[in-house]
Amino acid sequence: MKKGLLIILSGPSGVGKGTIRKEIMSKYPNLDLHYSISMTTREPRSGEVDGQDYFFVSFEDFKNNINNDKFLEYSMFVGNYYGTPKEYVYSLLDSGKNVLLEIEVNGAMQVMKQFVGKNIVSIFLTATIDEIRKRITSRRTEDSKIIEERLNKAKSEFSSKKYYDFVVFNNDKDKTVETIADIIKRKIESLNN
């Protein structure tokens with residue numbers, strides 16, 4: 001059985017990764033993408049569902065998972081842990097499923113070091129710093145100190161785009177969704193040939 005494709009959708013906080021990922025999965029069911037749900041210690045935002053958007057856990061639970069090598073990648077970001085459960089991703093890939101990771105830049109770098117070869121594609125989603133500020137502020141979920149931390153981190157992460165297979169500028173949601181879906185489709189087709 002052929003292995004599935006691992007798709008990394010990454011970029012700074014506030015660039016629109018979640019929105020783009022949901023649109024791709026909704027509009028392109030023929031790509032047969034399986035979303036890898038991350039684990040986090042942060043509190044759920046309004047409308048987020050445990051086990052659907054994230055696995056929301058305590059710091060103690062998260063640290064136990066770190067100690068037991070249960071993560072493909074993990075990092076601390078603005079005071080909370082985020083990580084990708086390893087077993088879930090490997091089982092999907094081994095059964096031929098295409099797995100979409102929506103992760104921060106640090107986590108993407110960890111994953112790209114582990115997965116070398118043709119069964120991975122990495123996409124860096126970017127936007128202007130003003131657009132990122134607008135998106136983070138419009139969430140109304142964080143105070144000004146956290147917003148500034150996120151923006152400073154975003155500025156430093158822009159230089160990482162050179163490590164990705166593709167860089168996509170998110171200034172038009174529909175065009176961005178179409179571009180990324182096309183990248184994924186072409187990569188899947190190249191694996192099948």
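**Entry 1: the hairpin**

I began at Tyr74, which stands opposite Gly83 in strand S6. Met76 has its own counterpart in S6, namely Tyr81. This is a predicted model, so I kept in mind that local features need pLDDT of at least 70, that side-chain atom pairs count only at pLDDT 80 or more, and that totals for chains, interfaces and linings use all residues. My numbering starts from 1 along each chain as its sequence is written, and side-chain values use heavy atoms, with hydrogens and water left out.

I then looked at how S5 meets S6 (residues 80–85): 6 bridges join them, and the two strands run antiparallel. For element names I follow DSSP runs numbered from the N terminus, helices being H or I with at least four residues and strands E with at least two. S5 and S6 form a hairpin with 2 residues between them. Val78, in that turn, has a positive phi of about 40 degrees.

**Entry 2: the sheet around it**

Next I traced the open sheet of 4 strands, and its order reads S4-S3-S6-S5 with mixed pairing. Two strands count as paired if DSSP finds at least two bridges between them. Which strands stand at the edges? They are S4 (54–56) and S5 (71–77), each with a single partner strand, so one side of each has no neighbour in the sheet. From one strand to the next, the twist averages 20 degrees.

I also checked burial in S5: 5 of its 7 residues are buried, so the strand is largely enclosed by the rest of the structure. Buried here means under 20% relative accessible area, exposed over 50%, and partly exposed in between, with a 1.4 Å probe and protein chains only.

**Entry 3: H1 against H7**

I turned to the helices. H1 (residues 17–27) and H7 (residues 173–192) pack at an angle of about 65 degrees, their axes 9 Å apart. Axes are lines fitted to C-alpha atoms, for helices over the stretch in contact, and angles run from 0 to 180 degrees between N-to-C directions. H1 brings Thr19, Ile20, Glu23, Ile24 and Lys27 to the contact, while H7 brings Lys173, Asp174, Thr176, Val177, Ile180 and Ala181; contact means heavy atoms within 4.5 Å.

Is Ile180 buried or exposed? At 1% relative accessibility, Ile180 counts as buried. Its C-alpha atom is separated by 9.0 Å from that of Leu9, 171 residues apart along the chain. Beyond four places in sequence, I find Ile180 in contact with Leu9, Ile20, Ile24, Ile123, Leu125 and Val168.

The largest nonpolar core has 26 residues, of which Ile7, Ile123, Ile180 and Ile184 touch the most other members. Such a core is a set of buried Ala, Val, Leu, Ile, Met, Phe, Trp, Tyr and Cys residues joined through side-chain atoms within 4.5 Å. H7 gives the most to this core, with 7 residues. Another core, of 18 residues, lies apart from it and includes Leu93, Val105, Val111 and Met112.

**Entry 4: a buried glutamate**

Last, I visited Glu157, found in helix H6 (residues 144–157). At 4% relative accessibility, Glu157 counts as buried. Leaving out residues up to four places away in sequence, Glu157 touches Gly11, Pro12, Ser13, Val105 and Phe124.
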